Every structure is written in structure tokens, then in C-alpha cells.
Amino acid sequence: MKNEDIGTRLSEIFESIQGEGILVGVRQLFLRFCGCNLNCYYCDTIKESDFCVNHTNGEVIKNPISLGYIQKVIDSAKVHSVSFTGGEPLLHADFIKKINKSKPFYLESNMSLPENAKKLKFFDFVAGDLKVRESGVKNYEKLLENTFRCFKILRNRRNRLTFCKIVLPSEFDLEEVKNSAMQIKDYVVCFVLQPVFGSRLEKIFKLQKEMMEFADVRVIPQVHKLIGVR
Ligand code: SF4
């Protein structure tokens, strides 16, 4: 099988600004992959689709999409970086590692699949989640263990910027979040506390203050939602 014949499932391709985390505002090409192995209660992502909409040129393509098509879209984009998002892009690691990195690659991941994380060590930016128990995911202890392993594998280093994003509802176990963050503090450049849209902020500010004893911690909401873009 030729490389161009290999395919994967995407729900959409678009250009926009990065709306989350410490690279907020940079222009990116977003590749939104189908499928996720978790089920967070606040998830607003369409996880499955028979078709992919390429908003950069208006095309609607039937899944699976070929490697050749995706490579052309990446090569022709004039952006800061390419964001691999989902769904969960680590589910597609075998496909992604075949793409030629013609510009910087940015991974947005739930950090639950360490064996697949090992295949994407060539990424330039990693925005990894630390899920809180209140996000409603099953087998939370196992997820935490896998998350610690993923951060260790994709840790911040000279040629890779890795930060941790913690999505927080109004109510959460502050001590548990702080203790989990301690486990990964040496693998990340900083933590981003991201309120679930509409959450109260008092407890989040309290967590920021307590975590500042051991890390750089920023409270950054989803900026793209504030300004009404995709
Ligand atoms: S990890 Fe992301 S895509 Fe998966 S269910 Fe949670 S919010 Fe949705």
C-alpha cells in the first residue's frame, strides 16, 4: 500500500486562532480527528462523522481521508502551527506519525494513551489534559496513572513546549487536583486552569494560589468562545 492510500477519519479541517492555553491567539490549521476513548460531561465535540468538512476551501470529503490529501492541506497552509485535536488524536497516532512535519505540530490530547504517546515524540507543542474526577470519566484512577505516564513521555524539553491544561467546573476536589498536579510538575512548563464555560471562579483562584507554591499557574478561559469564533 502506498503512503497516500492510508486514510484516517476527521470531522473537520479549518483555520482559526488557538483559543486555549499559553499559545492563545496564534493562527493554526486545525485537524479535528473523530473518536474519543473518554466521555467528559462537558464535551461539546462531534466525535463521529462519515464526512469531513474542509472549511479552508469548502470541500466535503467522505471518510476515511487519505494521507496525501492531508499532507497537501498542511503543506499549503500559512499558519504558526498545525493543531491535531479531536476527539482524541492519540487514537490516530499510527497515521499521524506518517505525516511529513513541514511546519510545527501542536498536539491537544486527553493524555490517556501512553503507548500511543510514544509514537508522537516529534511534536513541537503539547497541550495535555489533567482530567478532574468531576469530569465524569470512568476508571479515574487508571486514567490518572496513564496521564502521569503520558506527561513523562511527552515532557517539556528544549525542542518541545509542553503544558498541562486542567478544565475545572465550579465544584472539584482542590486537594486531589493539587496532588495530581504535583506528580507532573517537573514535566510541564506551566499549568493552565481553564474554567468550564460559566463556572464560578473563586475556587479556581484559590487553587491557582496554592499551586503557585510549586509551579507557574495561569487562569485562561476559552478565548475563542469569548470572541465568538470557531
Ligand atoms: S477528552 Fe475531549 S473529546 Fe474526549 S470526551 Fe473529554 S472533552 Fe470530549
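Predicted model: local features only at pLDDT ≥ 70, side-chain atom pairs only at ≥ 80, totals over all residues.
Let me start with Leu-38, which is partly exposed because 17 other C-beta atoms lie within 10 Å of its own; a residue counts as buried with 20 or more such neighbours within 10 Å, as exposed with 12 or fewer, and as partly exposed in between, the C-beta atoms being placed from the backbone. Leu-38 sits in the loop between β3 and β4 (51-54), where strands, of at least two residues (E), and helices, of at least four (H or I), are DSSP runs numbered from the N terminus. Leaving out residues up to four places away in sequence, Leu-38 touches Asn-110, Ser-112 and Val-137, contact meaning that two C-beta atoms, placed from the backbone, lie within 7 Å. The C-alpha atoms of Leu-38 and Leu-168, which are 130 residues apart along the chain, are separated by 16 Å.

Residues are numbered from 1 along each chain as its sequence is written.

Leu-38 also belongs to the surroundings of the ligand, together with Cys-36, Asn-39, Cys-40, Cys-43, Thr-45, Gly-86, Gly-87, Glu-88 and Asn-110, a residue being listed if its C-beta atom, placed from the backbone, lies within 6 Å of the molecule. This shell divides into four nonpolar residues, five polar and one charged, with Ala, Val, Leu, Ile, Met, Phe, Trp, Tyr, Cys and Pro taken as nonpolar, Asp, Glu, Lys and Arg as charged, and the others, Gly among them, as polar.

On the matter of phi, Met-111 has a value near 55°, which is positive although the residue is not a glycine, and Met-111 lies in the loop between β8 and α3 (114-117). Asn-139 likewise has a positive phi, of about 50°, and its place is in the loop between β9 and α4. Which of these is buried and which exposed? Met-111 is buried, because it has 28 other C-beta atoms within 10 Å, whereas Asn-139 is exposed, because it has 11.

Turning to the strands, β7 (residues 81-85) has four of its five residues buried, and therefore it is largely enclosed by the rest of the structure. Strand β3 (residues 27-33) runs parallel to β7 and is joined to it by five bridges, with Gln-28 standing opposite Ser-81; two strands are said to pair if DSSP finds at least two bridges between them. Strand β7 also pairs in the parallel sense with β8 (residues 105-109), over three bridges, and there Phe-84 stands opposite Leu-107.

Strand β10 (residues 161-168) brings us to the core. The largest nonpolar core has 49 residues, and those with the most contacts inside it are Leu-31, Leu-107, Ile-166 and Phe-191; such a core is a set of buried Ala, Val, Leu, Ile, Met, Phe, Trp, Tyr and Cys residues joined through C-beta atoms within 7 Å. The largest share of this core, five residues, comes from β10. Seven of the eight residues of β10 are buried, so this strand too is largely enclosed by the rest of the structure.

Five parallel bridges pair β10 with β9 (residues 125-129), and another five join β10 to β11 (residues 191-195), again running parallel. Ile-166 has Leu-193 as its bridge partner in β11, and its contacts beyond four places in sequence include Leu-130, Val-132 and Phe-191.

Finally, β10, helix α5 (residues 174-184) and β11 make a right-handed β-α-β unit, meaning that, with the strands pointing away from the viewer, the path from the first strand over the helix to the second runs clockwise. Within helix α5 lies Ser-180, which counts as partly exposed because it has 19 C-beta neighbours inside 10 Å, and which is in contact with Leu-130 and Leu-144, its neighbours within four places in sequence left aside.
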